[in-house]
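Good morning, and thank you for coming.

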Amino acid sequence: MTKRFFSALCLSLLATVTMIGIVACQPPSTTTNNANPTATTANTSGSGGVKDSLRLGALLPVTGDLSSIGAPMVKSIDFLVETVNSCGGVLDKPITFIKEDDRTDPPAGAEAMTKLVKVDNVGAVVGAFASSVSTAALAIAVPNKVVMISPGSTSPVFSERAKKGEFNGYWARTAPPDTYQALALANLAYKKGARKVATLVINNDYGVGFEKAFVEAFEKLGGTIVNKSRPTRYDPKATTFEAEAKGAFGSKPDAVAAILYPDSGGAVIKAAYEQGLTKDVQILLTDGVKTEDFPKLIGNAPDGKLILAGAIGTVPGADGKSLETFAKNFKAKTGEELGAFVPHSYDAAALVAIAAEAAKDGTGDGIKSKIREVANAPGQEVSDVCEAIKLVKAGTEIDYQGASGNVDIDEFGDVKGSYDVWEVQADGKITVIDRVSP
């Protein structure tokens, strides 16, 4: 017993010494995944963050079911932080940016948000993307007075909860809620000649909320939802999807409105194809799978043609005054074209930075007090984020015009917007073919 105890004690001391050495060797940084630089001024307001500087968090999926869309979103915030820091920062200091991967998983998102709030002491967080993760994270952010501004959580549930006063102003989003996108998709389905449609949705806030809005909108147009009495909702953690595929496609609908995440949703569509159920059925998709990896994931038919070729979908569009400039600069910096929700992520971070400067306060309460003021009219319209910070610093009222749109945020944290209609081409490329407005 003595030898074992002595050995364990030695190992413990060695680990402690090693950790001290590692921490001591870490260089200071304003952009980090897990560092916690010491705040220069203690916050005594009871609000998250630090009064005299901006500590910004990101809670987005770098891994998991939505990683193909989430990773470029993080790059856009990196770009915003670098841009603002190069022109003087916020409150005369560089933004401290802490990134966390929510892994497209609510428990992981809640754990990461707890770290951002309790350890990193952020005033605001850009995220989450998955609505289910935002639901989990809001339970931590709101009581701790940390602002969450999502670039992609589109479930109508958040509008309903905001109307009940559950978020106290600590929630907003730069992508419009699915109340509008569901109407746009319903109009698109009807325009394409579909009169009998089945729904196939991921069983979470995003999928079920979208389903409800789509069913209501499509029925108002005169269409029929063939599986309304037994809606098809799939568990993303399931290992087989044959029953779900048959539930949606088996009643021979004109079209299937599929509200999916890429990895799990791809498996459902592939299962339907393998059962011979996808022939002559128009597949309607949404923002969650607008990535060129998605058609490749489902694969090819024996003739070499992509199974998903010809599928169409909707996604919140970007038509802001600074979009062209942002797209050019983003590509020069990253080598990448703008993907879905990238402009919305940039604008979410920009609004936080401008609001903190306008409030002269990097806490959640400070940011909350100014975010709608800098996003909405009246005020001088400005699309350059450095110019916007300069103007509010001088006391000028502004109306920020983003890359994604005008980002006018209502009292429930919502924005309105148009939607791009996209189509999967035979070679797997995704092409925007139209734009619709609810």
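Let me begin with the chain as a whole. Of the contacts in the chain with a separation of 6 or more, 73% are between residues 24 or more positions apart; contact here means heavy atoms within 4.5 Å. What you see is a predicted model, in which local features need pLDDT of at least 70 and side-chain atom pairs count only at pLDDT 80 or more, while totals for chains, interfaces and linings use all residues. Residues are numbered from 1 along each chain as its sequence is written, and side-chain values use heavy atoms, with hydrogens and water left out.

The chain has 14 helices and 16 strands; these are DSSP runs numbered from the N terminus, H or I of at least four residues for helices and E of at least two for strands. Of its 438 residues, 53% count as buried, that is, under 20% relative accessible area with a 1.4 Å probe and protein chains only.

I turn now to helix packing. Two packed helices are described by the angle between their axes and the distance between the axes. The axes are lines fitted to C-alpha atoms, for helices over the stretch in contact, and angles run from 0 to 180 degrees between N-to-C directions.

How do α8 and α9 cross? Helix α8, residues 242–249, and helix α9, residues 262–274, have axes that come within 8 Å and cross at roughly 70°. The two are therefore roughly perpendicular to each other, a term for angles of 65 to 115 degrees. On the α8 side the contact is made by Glu242, Ala245 and Phe249, and on the α9 side by Val268, Ile269, Ala271 and Ala272. By class, this contact has six nonpolar, no polar and one charged residues. In these classes, Ala, Val, Leu, Ile, Met, Phe, Trp, Tyr, Cys and Pro are nonpolar, Asp, Glu, Lys and Arg are charged, and the others, Gly among them, are polar.

The second pair is α11 with α12, whose axes lie 11 Å apart at an angle of about 100°. That makes α11 roughly perpendicular to α12. Here Leu323, Phe326 and Phe330 of α11 meet Val342, Pro343 and Tyr346 of α12. The contact has six nonpolar residues, with no polar and no charged ones.

Finally, the spaces. On a 1 Å grid over the protein atoms alone, a cavity is a set of points where a 1.4 Å probe fits but cannot get out, and a pocket is an open set with protein on both sides within 12 Å along at least five of seven lines; lining residues have an atom within 4 Å of a point.

A search of the whole structure finds one cavity of 30 Å³ or more. The largest cavity holds about 70 Å³, and its lining includes Leu66, Phe129, Tyr206 and Asp287.

The largest pocket holds about 700 Å³. It is lined by 27 residues, and the closest to its centre are Lys290, Glu337, Leu338, Gly339 and Ala340. Among the elements that each supply at least two lining residues are α11 and α12. The lining has 14 nonpolar, five polar and eight charged residues.

Which helix gives the most to the lining of the second largest pocket? That helix is α7, with seven residues. This pocket, of about 410 Å³, has nine nonpolar, three polar and eight charged lining residues.

Terms used. Angles under 35 degrees count as roughly parallel, over 145 as roughly antiparallel, 65 to 115 as roughly perpendicular and the rest as oblique. Grid points are joined across faces, edges and corners, and a volume is the space filled by probe spheres set on the points. Buried means under 20% relative accessible area, exposed over 50%, partly exposed in between (1.4 Å probe, protein chains only).
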